[in-house]
Amino acid sequence: MQYRILGDTMPAVEVMFDAPGESMYTQSGGMAWMTEGVAMDSNMRGGLGKSLGRMFTGESIFMANYTATNDNQKIAFAASVPGSIIPIDLATLPQGIMLQKNAFLCAEQSVTTKVAFTKRFSAGLFGGEGFILQHAQGAGKLFIEVDGDAMEFILKPGEVLKVDTGNVVAFSPTVAYEVEMVHGLGNILFGGEGLFHTKLVG
């Protein structure tokens with residue numbers, strides 16, 4: 001399977017299927033265009049329990065599966081908001097990756113997603129991402145959509161990165177995710193950043 005990312009403001013990822021049987025899945029309504037030799041099948045991927053869990057992460061209950069029936073077929077999945085599409089090779093991430101709600105765009109069939117809850121009440125309440133995240137794992141390609149441009153940071157053990165709430169898109173499960181209050185009454189009232197920061201510890 002090969003792919004290319006097209007467009008700037010509202011990008012799409014176009015996937016090229018080399019042989020019959022190659023397949024991708026996305027949430028309902030994620031497909032932008034496809035060639036004639038691609039078959040669609042919608043189902044509750046993972047059963048009723050996982051489907052209901054996806055509903056809480058902002059995804060659809062039904063997932064659409066697209067499978068090549070001939071050689072050299074194409075399908076594209078478009079972002080729903082202006083921003084970026086980021087490819088992630090989960091084969092290089094044995095523990096997977098944590099995603100914010102609505103970040104999932106599409107993935108190979110070997111990738112699984114499940115609901116994950118924030119471990120700290122304060123992080124879920126004030127962190128801007130909410131209590132419910134997604135945990136993606138597998139050996140294939142995952143594509144996520146990001147509002148705006150994405151910035152990547154590699155944290156050393158114990159290193160701290162403070163982020164404005166709501167700006168965290170994805171992080172490794174080895175990164176601790178918590179929230180801390182902004183220090184100083186003047187900073188809270190006049191700093192323009194609100195009451196809390198998201199604190200990531202790697």
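Seven bridges join strand β8 to strand β13, and the two run antiparallel. I start there, with a predicted model on the screen. Which residue is the bridge partner of Pro87 in β13? That partner is Phe143.

Stay with β13 for a moment. Five of its seven residues are buried, so the strand is largely enclosed by the rest of the structure. β13 also pairs with strand β10, residues 104–108. That pairing is antiparallel too, and it runs over three bridges. Here Phe104 stands opposite Ile144 of β13.

Now zoom out to the sheet. Six strands form an open sheet, in the order β5-β6-β3-β10-β13-β8. The pairing is antiparallel. Which strands stand at the edges? They are β5, residues 38–43, and β8. Each has a single partner strand, so one side of each is left without a neighbour in the sheet. From one strand to the next, the twist averages 20°.

Move along to β3 and β6. Strand β3 covers residues 23–27, and strand β6 covers residues 63–68. Five bridges join them, and they run antiparallel. Please find Thr26, which sits in β3. Is Thr26 buried or exposed? Its relative accessible area is 0%, so Thr26 is buried. The cut-off for buried is under 20%. The side chain of Thr26 has a polar atom 2.6 Å from the backbone oxygen of Leu105.

Next, the other sheet. This one is open as well, with four strands in the order β1-β2-β7-β4. Again the pairing is antiparallel. The edge strands are β1, residues 2–6, and β4, residues 31–34. Each of these pairs on one side only. The twist averages 20° from one strand to the next here.

Look at the β4 end. Three bridges join β4 to β7, residues 73–78, and the two strands run antiparallel.

Asn72 lies in the loop between β6 and β7. Its phi is near 55°, a positive value in a residue other than glycine. What about accessibility? Asn72 has 61% relative accessibility, so it counts as exposed. The cut-off for exposed is over 50%.

Last stop, the largest pocket. Its volume is about 980 Å³. How many residues line the largest pocket? The lining has 32 residues. Nearest the centre lie Met151, Glu152, Phe153, Ala170 and Phe171. Four elements can be named here: β8 (83–89), β13 (141–147), β14 (160–164) and β15 (170–171) each give two or more residues to the lining. Which element gives the largest share? That is β8, with four residues.

To recap, briefly. Thr26 is buried, whereas Asn72 is exposed. Thank you.

Definitions and conventions. Residues are numbered from 1 along each chain as its sequence is written. This is a predicted model: local features need pLDDT of at least 70, side-chain atom pairs count only at pLDDT 80 or more; totals for chains, interfaces and linings use all residues. Side-chain values use heavy atoms; hydrogens and water are left out. Two strands pair if DSSP finds at least two bridges between them. Axes are lines fitted to C-alpha atoms, for helices over the stretch in contact, and angles run from 0 to 180 degrees between N-to-C directions. On a 1 Å grid over the protein atoms alone, a cavity is a set of points where a 1.4 Å probe fits but cannot get out, and a pocket is an open set with protein on both sides within 12 Å along at least five of seven lines; lining residues have an atom within 4 Å of a point. Grid points are joined across faces, edges and corners, and a volume is the space filled by probe spheres set on the points. Buried means under 20% relative accessible area, exposed over 50%, partly exposed in between (1.4 Å probe, protein chains only). A polar contact is a pair of N or O atoms within 3.5 Å; within protein, one must be able to donate a hydrogen and the other to accept it, and residues adjacent in sequence count only if both atoms are side-chain atoms.
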